[in-house]
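Reader: I have a chain open here and would like to go through it. Can we start with the strands?

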Amino acid sequence: MRIGRWLCVLGFAWLAAAPPALAAPSQSFAEFLKAFEPKAVAGGISAAVYERATRDLTPDPRIPALVTTQPEFATPMWDYLDARITAAKIQNGKAALAAHAAAFAAVGKRYGVDPAILGAIWGIETDYGRVLDNKRLIRPIVRSLATLVWQQRGRALDEADFIAALKLVQQGPLDENTLVGSWAGAVGNLQVNPTTILQYGTDGDGDGRIDLVHSLPDALATSAVFLRALGWTPGIDWGFEVVLPQGFDYLLADRTNPRPIGFFAERGVKRANGKPFPDATTPVFLYVPTGKDGPKFLMTGNYLALKGYNFSDSYALTVAHLADRLKGAGEFRTAWPRGTKFPNLAQREAIQTALNKLGLLKGASDGRLGPITQAAYAKFQASRGEVADGFLTYEAYQELMAATK
C-alpha cells in the first residue's frame, strides 16, 4: 500500500471514535420530508419517485437508542470478539463458504481480495445471510435513513446516503420496500452503504442487475471492489499476532508511521505462532489495543482497508480474526486482560482534560479515546519511566488526576 493511501485511510479511521449524540429535531417528520424534497430533486431524484418513496412514511422509533449504543464503541474489545466469533459462527461459516465455493473463488481470483475476509464480513454483518429475513433487524432503508437525517445525528454521510438510497430505488431493481438493510442504512448480505453501492456496485452474477440483497455474487463483488478502492493489496495478510521482547519501546506503536517488518524483527519482535515473517519489506505498524498484557499485532495496510469498511478497531480485528478461524487457525496466543476496569464517560473526558493540561493533547475533551488520546497517554507514561503502552484504564485516570492536581 502506498503511504499516501495508508494515511488517507487512517485519517478516515480517526474521524469518529464513539457514536455521536442525537440533536432534537427542529421540525416534525412530515415537515422535514417536505422540506427535503427540493434537495433530493437537485440530487437527481424525480419528484414522482420521491413522493412515492416517502408517502405515508413514519420515523423509526428505534433509531435514537441504537445510535447511542453501538457495540463497537460501548464494549471491551474481547467481549466484542467473543460475542461474534463463536464455535457456531466458525462452523456455520465454513459450511457457508463451502456451499458457495465457486462464487468465493471467482471473486477472489478476479479482485484479489482474500475470500475468507469477505466470508468473515458476511458472517459478522448478516450471519451468512441468515438475518436478511428478520424484519426486526432488516427493514427498508429509505425509512431508516430519513429518520437519521431528521434526527440530525451529526454524520455527514447520512444525507448523502438518503439521496443515494432514493437513487437506487429510482434505478432499480429494488424499490423502496425491497431495498432493505440495517437501521444505519447499510444494504444486503455484506452491509454496504448506498453511496458506496452507487460508486462501487458490481454485477457479480452477470444478470445485468446489481442486487446486494438477493444476489450473494453481487454483494461479494461489490465489497471486493470497495476494499480494493480502500487500499487492499492482494497477496498479503491483514497482520500478525506478535510477541515483544523485554524492554521493548512501546512508543514504536505508531500507526501514523508504518515501517518494514524487518525494522521490528531486528528489534526482537517475533510472530506469536513461531512462524517466520513473510517479506521483510512489507510496511506494518505495531498495534497494542489492550496494553502490555494483551495481544499485540503488526498490522499491514490491509487492516486499515478493513477500518475503511468500518472504522471501529473492534470490528476490523473481529473480521480479520474470524477470517483466520474460517481458514483453520486457532485463537490468539496471548490472553486478553479481562479483569481491566475502564473509566466512565466523565472520567474519559477528565483524562483528555488532564492530557491537555500537560501539553500532550490538543482538542476538545469529548470522551472519545481513540489513537490520538492513546498516543498522548503513552508519552505521559514514557515521561514517568513506565511501559508506554497507551492503554487507557481506570488506573490511567487515577494516575492522571494525581499528576494534575
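Reader: How many bridges join β3 to β7, and do they run parallel or antiparallel?

Author: 4 bridges join β3 to β7, and the two run antiparallel. Two strands pair if DSSP finds at least two bridges between them. Before going on: this is a predicted model, in which local features need pLDDT of at least 70 and side-chain atom pairs count only at pLDDT 80 or more, while totals for chains, interfaces and linings use all residues. Residues are numbered from 1 along each chain as its sequence is written, and side-chain values use heavy atoms, with hydrogens and water left out.

Reader: What counts as a strand or a helix here?

Author: Both are DSSP runs, numbered from the N terminus: helices are H or I with at least four residues, and strands are E with at least two.

Reader: Ok. Which residue of β7 stands opposite G239?

Author: M299 in β7 stands opposite G239. F285 also stands opposite M299.

Reader: What is the order of the strands in the sheet?

Author: The order is β4-β6-β7-β3-β5, which makes an open sheet of 5 strands with antiparallel pairing. The edge strands are β4 (259–260) and β5 (270–271), and each pairs on one side only.

Reader: How many residues of β3 and β6 are buried?

Author: In β3 (residues 239–243), 4 of the 5 residues are buried, so the strand is mostly covered. In β6, 4 of the 5 residues are buried, so β6 is largely enclosed by the rest of the structure. Buried means under 20% relative accessible area, exposed means over 50%, and partly exposed is in between (1.4 Å probe, protein chains only).

Reader: Which helix lies across β6 and β7?

Author: Helix α15 (residues 301–309) lies across β6 and β7 (296–299), and runs at about 70° to β6.

Reader: Switching to helix pairs. How are two packed helices described?

Author: By the angle between their axes and the distance between the axes. Axes are lines fitted to C-alpha atoms, for helices over the stretch in contact, and angles run from 0 to 180 degrees between N-to-C directions.

Reader: At what angle do α10 and α11 pack?

Author: Helix α10 (residues 141–151) and helix α11 (residues 157–171) pack at about 155°, with their axes 9 Å apart. That makes α10 roughly antiparallel to α11. Angles under 35 degrees count as roughly parallel, over 145 as roughly antiparallel, 65 to 115 as roughly perpendicular and the rest as oblique.

Reader: Which residues make the contact?

Author: On α10 they include I141, V142 and L145, and on α11 they include F162, A165 and L166. Contact means heavy atoms within 4.5 Å. By class, the contact has 10 nonpolar, no polar and 3 charged residues. Ala, Val, Leu, Ile, Met, Phe, Trp, Tyr, Cys and Pro count as nonpolar, Asp, Glu, Lys and Arg as charged, and the others, Gly among them, as polar.

Reader: What about α2 and α3, how do they cross?

Author: The axes of α2 (residues 29–42) and α3 (residues 47–54) come within 10 Å and cross at roughly 145°. L33, F36, E37, A40 and V41 in α2 meet A47, Y50 and T54 in α3.

Reader: New topic: loops. Where is D56, and is it buried or exposed?

Author: D56 is in the loop between α3 and α4 (63–67). D56 counts as exposed, at 72% relative accessibility. Its phi is near 60°, a positive value in a residue other than glycine.

Reader: Why point that out?

Author: Because most residues other than glycine have a negative phi, and most peptide bonds are trans.

Reader: Which peptide bond is cis?

Author: The bond from G172 to P173 is cis, with omega near 10°. P173 is in the loop between α11 and β2 (180–181).
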